[in-house]
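Thanks for coming, everyone. I have one structure to walk through today. Please have a look at it before I start.

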Amino acid sequence: MPRPNSLRLHVPEPAARPGEPVRFDQLDFPKAGDVPKPASTAPERELRELPFSLIRVLDDEGRAVGEWDPKLPSETLLRGLKAMLLTRVFDDRLFRLQRQGKTSFYMKSLGEEAIGAAQSLVMAEGDMCFPTYRVLSWLMARDYPLTDLVNQIFSNEKDPLKGRQLPILYSARDYGFYSLSGNVGSRFGHAVGWAMASAYKGDDKLSLAYIGEGTTAEGDFHEALTFASVYRAPTILCVTNNQWAISSFAGIAGAEETTFAAKAIAYGLPGLRVDANDFLAVWATTQWARERALANQGATLIELFTYRAAGHSTSDDPTKYRPADEAEHWPLGDPVERLKQHLILRGDWDEDRHQTMIESLTTDVRAAVKFGEQIGTLGKSKPSVKEMFEGVFEEPDWRIVEQRRELGI
Amino acid sequence: MATMNMIQALNSALDVMLECDPDVLIFGEDVGYFGGVFRVTDKLQEKHGLTRCFDAPISEGGIIAAAIGMGAYGLRPVPEIQFVDYILPAFDQLVSEAARLRYRSNGEFWAPITVRSPYGGGIFGGQTHSQSPEAIFAHITGLKTVIPSNPYDAKGMLISAIECNDPVIFMEPKRIYNGPFNGRHDQELSTWANHPNADVPTGHYTVPLGQAATVREGRDVTVLAYGTMVHVALEGIAEAGVDAELIDLRSIVPLDIEAIVTSVQKTGRCVILHEASRFGGFGGELSALIQERCFYHLKAPIGRVAGWDTPYPHAFEWDYFPGPGRLARALHAAMEH
């Protein structure tokens, strides 16, 4: 028997494990439209309630309500919907191709498609996004060529990254998409340096970076926030809180004690917490942070509150650590379904057009995959081995030259 | 031309680059108003403005991350890490990001950063102000690592590093900032005043990265050294009384392999001298390269004189430090073959 006053080590555990009923009653949200929208130039000290709330625009019926409604034209919403659907169709197809052995690895954005789609459309050309591996919709919203994605995933002869990177760790400078890495968090500070450079030059370019809620425990997160705060860097720093870091729930990163948006308070930065399954809310908060940065008021931290509906990657089986049906019960719904419902309610969309769009996108994805397969799937085709030795330095030194010769190329 | 010590030469290089390239900027701990704990950035903020040379939070990882982001934007940042002993929190940024950005993005992004950092012992700095970690950088493909040994090289190589489009670790031998040091710690301190390499042009010039310098020609044995150890080597050679050829590598990566091979094939013997501890040190790589390329020219086993395989000790600094006496013994041993 422990003594009554003995110390106890607390190890957080999620509300439900496999085989147990799903529980989300610990989550407490305001109604859509309830959170007031302050001026984007308001002093940080007046914004300290926001990190503990949740900005929502779309209500349960699909109406856009409240001060945060960005009042977007239909064509913008349809662009967003198309990017989200394309992401989902593409993910579904490429995930299955990995299962068929046509590539080594894949990661889906399922349930998080509103984030990249909305933010990609809010941010301007010349701005730079410092992505995680779950924002494919950023590229989809900017019409990145599907064949380039497929060729990168197959590491084939036409791979734009020349077979040097794991599938889906893209780099697309012309699309405002910084080079991805499998090390989580290590580019968060680059976004701050990039934004500092823009300010140093007197330009008007902004950066936007993502980090997962699990990775907020890394020093990179706190270093980046410190620099962003100290130098008032024109950047938008986003924590994608999708509840799960592989098998560790958000509580292991500190979610039981506070919100991730609230981390901003200690740095004197505004922290917004937003329903990230709500395209309009993501749009509005990003636009707010963008205006603030452009007014030389510095950085904003946005917690994108969402749910990782798929496994971490093709190497993961989430039924081993969370209830199999947890995603279906996510209280903030599915981002695609919610935007679709809103568009239908507005009279701008219907089931038939939705199905037609899915079919058309499926055809596009199939064509891109076929094109990639004709070049070759992983192992069937690859760039010249010479590419292995290129780009280590601007000019190769003698080691590279000799080793290339040693390999006989 | 002006007579400069290494601090003045480095300061002059930064001054010249701030003047001629608006994309060059400097930041680091205490480098702004105060001018750096070793005064290398003295008066640069006053002369060039607050945003050209400014203080950074005590956050080495944050400093290098910000520098990489600035480099990707198009600037040429020259961050300072106050002592190289403190660079380890930034190691992930250097290894996983700076060194690989160009490669993994197929040239879409790169990090033209120059990380200046004082290194090395001989100043009673104990474990945390004395280390020589060049080998761990040399092992990281994608990084360049250079170490000047005198004011002329320091300025010319720093300008080359800043103008280089690859990330460069620029290690500054702090023991010789104010004067060459021959390893005789009980002797009076010397200054750079009468040293031939302290005559430094005041304007822009470069010393290329990747070219060794022959400091002393000789027939019997090659001594390889860099940084502070170049001066210790001269003293050790004098003590041994052998006709040694001394090569100052100046640059660890890229390495001037031709200069090394030419010299060792001529002399048939080689002794490597560095401050870093021996096991896994850069001397091991040098030794392997020479063995691969000069085996049939060698008359004696390749010698290594280095710091002992202990942490850098405080009270035992001069027992640890590979001074001229230890080099002289190694040279005699080589000459016995």
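Which residue just after H4(A) takes a positive phi? That residue is Ser155(A), and its phi is about 50 degrees. One caution before I go on: this is a predicted model.

H4 of chain A covers residues 146-154. Is it mostly covered or mostly open? Mostly covered: seven of its nine residues are buried. Here are the names. We have Leu146(A), Leu149(A) and Val150(A), then Asn151(A), Gln152(A), Ile153(A) and Phe154(A). And what lies over them? The cover includes two helices of chain A, H1 (74-99) and H10 (351-375). Then, just past the end of H4(A), comes Ser155(A) with its positive phi.

Now step back to chain A as a whole. It has eleven helices and seven strands. Its C-alpha trace spans about 70 × 60 × 50 Å along the principal axes. How does that fit with a compact globule? For 409 residues, a compact globule would have a radius of gyration near 22 Å, and chain A has 22 Å, so the two agree. Two more numbers for this chain. Of its 409 residues, 51% are buried. And take the contacts with a separation of 6 or more: 77% of them join residues 24 or more positions apart.

On to chain B, starting with one strand. S2 of chain B is residues 24-28. Why do I call this strand largely enclosed by the rest of the structure? Because five of its five residues are buried. Look at which way they point. Val24(B), Ile26(B) and Gly28(B) go one way. Leu25(B) and Phe27(B) go the other way. If you are new to this, here is the background: in a regular strand, side chains alternate between the two faces of the sheet. Both sets in S2(B) are buried.

One is S4 of chain B, residues 76-80. The two strands run parallel and share five bridges. In that pairing, Gly28(B) is bridged to Glu80(B). Another partner is S3 of chain B, residues 53-55. That pair is also parallel, with three bridges. There, Phe27(B) has Phe54(B) as its bridge partner.

Next, the domains. How is chain B divided? Domain 1 takes residues 2-200, and domain 2 takes 213-335. Their C-alpha centres are 25 Å apart. The contact between them uses 31 residues from domain 1 of chain B and 29 from domain 2 of chain B. On the domain 1 side, at least two residues each come from helix H6 (134-138), strand S6 (144-146) and helix H7 (151-163) of chain B. By class, that side has 13 nonpolar, 13 polar and five charged residues.

Last stop: where the chains meet. How many residues of chain B are in contact with chain A? The count is 36, and they touch 35 residues of chain A. Three helices of chain B each give at least two residues to the chain B side: H3 (60-73), H4 (91-98) and H5 (101-104). Which of the elements gives the largest share? H3(B) does, with ten residues.

How values were computed: Residues are numbered from 1 along each chain as its sequence is written. Chains are lettered from A and ligands numbered from 1 in the order in which they are written. This is a predicted model: local features need pLDDT of at least 70, side-chain atom pairs count only at pLDDT 80 or more; totals for chains, interfaces and linings use all residues. Two residues are in contact if their C-beta atoms, placed from the backbone, lie within 7 Å. Helices (H or I, at least four residues) and strands (E, at least two) are DSSP runs, numbered from the N terminus. Domain bounds come from an automatic or database domain assignment. Ala, Val, Leu, Ile, Met, Phe, Trp, Tyr, Cys and Pro count as nonpolar, Asp, Glu, Lys and Arg as charged, and the others, Gly among them, as polar. A residue is buried if 20 or more other C-beta atoms lie within 10 Å of its own, exposed if 12 or fewer, and partly exposed in between; C-beta atoms are placed from the backbone. Two strands pair if DSSP finds at least two bridges between them. The radius of gyration is taken over C-alpha atoms; the globule rule is 2.2 Å times the number of residues to the power 0.38.
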